[in-house]
Amino acid sequence: MRTQVGIVGAGPAGLLLAHLLHRAGIDSVILEARSRPYVEERIRAGLLEQGTVDILTETGVGDRLHREGLPHEGIELRFDGQGHRIALTDLTGKRVTIYGQQEVVKDLIAARLSYGGPLLFEVEDVSVHDLEGDYPSIRFRHEGRDQVLHCDVIAGCDGFHGVCRDAIPDGVLRAYERVYPFAWLGILAEAPPASHELIYARHERGFALATMRSTSLARHYIQCRPDEDIAEWPDDRIWAELHARMAGRDGVSPIKEGPILQKGVTAMRSYVVEPMRHGRLFLAGDAAHIVPPTGAKGMNLAVADIIVLARALEAFYRGKGMALLDAYSRTALRRIWKAQRFSWWMTSMLHRFDGDDPFEHKVQVAELDYVCGSEAGSLTLAENYVGLPMEA
Ligand code: FAD
Ligand code: DHB
């Protein structure tokens, strides 16, 4: 089998890359380890930056997003039992949109299949080869048959636990990492959201976030131990903890209870590898970097990488040479590091660190007070939250 761009992974990164390449007249094949129902139902991120909404809209996959997504013009930061609104749109002119990652994935899969673009699910034993020459290839097994996909370029969009990053020889990549001493326990509940906007709460018992998937589906997260056993969290314990962390000074909690449909624990880490390329293999999205979820940047960063990579591949196939591909890693990393910094900062400001000394606690609250009380402070948060401009 032969194609121009071989794409490993059908997450937001791989699917969007295939979509943008198709629109530019460039062929690709996507190889995905999981089944279609699995990737379409996997609950993950839910907040899209304006730039993410814009690229999906401009390229014809934004119809359902505009019908079903919930645009938001502000968020609430809650500390010492009091809420403070950050007016995102008044400050930046931009909005964010709540629309589940799995819905973006469904829309991109539907678009891909509508024009017959090759997308193979449940492939096994994927490995990438000949990365240093002009003729790289991908070996895999599909429906019981061993196959080889020959291509010009390989896009490693296979997430943090994929095979592409590990295929790069030792000594080429440098990794930068921070592991946090906590995780998030997330729930999806058949209940109205706590408020019409998201609430990020700093509390002595730990961080809590009240978000949503629709006007009748709430999504909430609470800070927990990294090795938390979900079996120790029956529903009533989760609700009690959410109420305690979200309650105002009057003791009233905005959280509304309902049947819990799904529970899970997500680890928190910051991770970047540099460069995001080896020969003809280009890494994008979680394959190259992970952010803690506090700033809602994970999926948005994957989209931003793909915009840079698709543009570089288009230039390559239009006969403009390798210059933009050579610049891909450097260009993408500038924005990635700013999003890393923001995600780390939001995480540090809002979470309880074990062994917190009272001084640190006071500094955290002073920082929140400054951010909410100063227009410069609010603007700094807002312009990062809605998404920094895409790199030129
Ligand atoms: P992925 O979505 O991981 O896609 C990679 C794809 O590659 C997957 O479909 C995988 O099955 C496939 N794959 C892996 N290995 C192979 C292989 N060997 N061969 C073929 N295919 C392979 N971000 C936020 O901003 N907010 C959140 O609340 C949030 N919650 C999250 C919760 C969880 C449990 C996780 C894991 C992540 C969460 N994230 C969140 C991060 C966000 O979902 C990711 O940043 C985003 O999915 C990145 O997209 P991607 O396409 O790069 O990678
Ligand atoms: C969601 C997740 C986040 O990490 C965040 O900061 C905002 C929203 C969500 O799942 O809706």
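**Reading helices, strands and sheets**

Me: Within what distance do the axes of helix α8 and helix α9 come, and at what angle do they cross?

Reply: Two packed helices are described by the angle between their axes and the distance between the axes. Here, the axes of α8 and α9 (residues 323-350) come within 9 Å and cross at roughly 165°; axes are lines fitted to C-alpha atoms, for helices over the stretch in contact, and angles run from 0 to 180 degrees between N-to-C directions. Helices (H or I, at least four residues) and strands (E, at least two) are DSSP runs, numbered from the N terminus. This is a predicted model, in which local features need pLDDT of at least 70 and side-chain atom pairs count only at pLDDT 80 or more, while totals for chains, interfaces and linings use all residues. Residues are numbered from 1 along each chain as its sequence is written, and chains are lettered from A and ligands numbered from 1 in the order in which they are written.

Me: What do we call the arrangement of α8 and α9, and which residues make the contact?

Reply: The two helices are therefore roughly antiparallel to each other, since angles under 35 degrees count as roughly parallel, over 145 as roughly antiparallel, 65 to 115 as roughly perpendicular and the rest as oblique. On the α8 side the contact includes L301, A304, D305, V308 and L309, and on the α9 side Y328, T331, A332 and R335 are among the residues that take part; two residues are in contact if their C-beta atoms, placed from the backbone, lie within 7 Å. By class, this contact has 14 nonpolar, 1 polar and 4 charged residues, where Ala, Val, Leu, Ile, Met, Phe, Trp, Tyr, Cys and Pro count as nonpolar, Asp, Glu, Lys and Arg as charged, and the others, Gly among them, as polar.

Me: What span should the 23 residues of helix α8 have, and what happens just after the helix?

Reply: At 1.5 Å a residue, α8 (residues 298-320) should span 33 Å, and its end C-alpha atoms are 31 Å apart, which agrees; the expected span is 1.5 Å times one less than the number of residues. Just after α8, G321 takes a positive phi of about 80°.

Me: At what angle do helices α10 and α11 pack?

Reply: Helix α10 (residues 358-373) packs against helix α11 (residues 375-385) at an angle of about 90°, with their axes 5 Å apart, and the two are therefore roughly perpendicular to each other. Y370, V371, C372 and G373 of α10 make the contact with G377, S378 and L381 of α11, and by class these residues are 4 nonpolar, 3 polar and no charged.

Me: What is the order of the strands in the open sheet of 3 strands?

Reply: Strands of a sheet pair through backbone hydrogen bonds, either parallel or antiparallel. In this sheet the order is β3-β7-β4, with antiparallel pairing; two strands pair if DSSP finds at least two bridges between them. β3 (47-48) and β4 (70-72) stand at the edges, each with a single partner strand, so one side of each is left without a neighbour in the sheet. Between β3 and β7 (residues 96-98) there are 2 bridges, and L47 stands opposite I98 in β7.

Me: Which strands stand at the edges of the open sheet of 8 strands?

Reply: The order of this sheet is β6-β5-β14-β15-β16-β13-β17-β20, with mixed pairing, and the edge strands are β6 (82-86) and β20, each pairing on one side only. Antiparallel strands β13 (residues 174-189) and β17 (residues 260-274) are joined by 13 bridges, with A189 having I260 as its bridge partner. From β17 to β20 (residues 289-290), also antiparallel, there are 2 bridges: V272 is partnered by H289, and Y271 by I290.

Me: Which peptide bond is cis, and where is P275 placed?

Reply: The bond from E274 to P275 is cis, with omega near -10°, and P275 lies in the loop between β17 and β18 (277-278). Another loop residue, D130, has phi near 55°, a positive value in a residue other than glycine; D130 is in the loop between β9 (124-129) and β10 (137-142).
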